[in-house]
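Let's take a walk through a protein structure together, one feature at a time. Have the sequence and the 3D view ready as you read.

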Amino acid sequence: MNFKELALSMLLLGMVDQVNDGVALVEYQVGEVIMYSEVSLDLSACTPHEGQSVYFFKDYKIVTCVEEDEE
């Protein structure tokens, strides 16, 4: 497995639950369990709004904000 494949395997899809003080709280599901990740917006590629889907690295940064018409 090369670096790109490894990085893509760690990418998660979630929904922004809250945005406060430069941090997005992202909700995502692992099996049947709902999990949360606090992600810095300073490091992120976009600024999401509450309820928006995002691709992100857990507890690190948002890679892509998904536009509503893409879902």
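**Starting from a cysteine**

Cys 65 is buried: its relative accessible area is 11%, and the cut-off for that word is under 20%. Before we go further, keep in mind that this is a predicted model.

What does Cys 65 form with Cys 46? The two make a disulfide, with their sulfur atoms 2.0 Å apart. If the word is new to you, a disulfide is a covalent bond between the sulfur atoms of two cysteines. The structure holds one of them. The pair ties together distant parts of the chain, 19 residues apart: Cys 46 lies in the loop between strand E3 (33–40) and E4, while Cys 65 is in strand E5. Now look along the S-S bond of Cys 46 and Cys 65: the torsion is about 95 degrees, so this disulfide is right-handed. And is Cys 46 buried or exposed? Cys 46 has a relative accessible area of 18%, which is under the 20% cut-off, so it counts as buried.

Cys 46 and Cys 65 are members of the largest nonpolar core, which has 11 residues, including Val 16, Ala 24, Val 39, Leu 41 and Val 54. Three strands, E2 (23–30), E4 (53–57) and E5 (61–65), each supply at least two residues of this core. Which strand gives the largest share? That's E2, with three residues.

Leaving aside residues up to four places away in sequence, Ala 24 touches Val 16, Gln 18, Val 19, Ser 37, Glu 38, Val 39, Leu 41 and Ile 62.

A search of the whole structure turns up one aromatic pair. Tyr 28 and Phe 56 form it, sitting edge-to-face with 5.4 Å from centre to centre and 70 degrees between the planes.

Phe 56 leads us to the last stop. Its strand, E4, pairs with E5 in the antiparallel sense over four bridges. E4 and E5 form a hairpin with three residues between them. In that turn, look for Asp 59, which has a positive phi of about 55 degrees.

Terms used
Residues numbered from 1 in each chain as written. Predicted model: local features only at pLDDT ≥ 70, side-chain atom pairs only at ≥ 80, totals over all residues. Heavy atoms only, no water. Core = buried A, V, L, I, M, F, W, Y, C linked by side-chain atoms within 4.5 Å. Buried < 20%, exposed > 50% of the residue type's maximum accessible area, 1.4 Å probe, protein only. Contact = heavy atoms within 4.5 Å. Disulfide = S-S within 2.5 Å. Phe/Tyr/Trp six-rings, centres within 6.5 Å; stacked < 30°, edge-to-face > 60°. Pairing = 2+ DSSP bridges.
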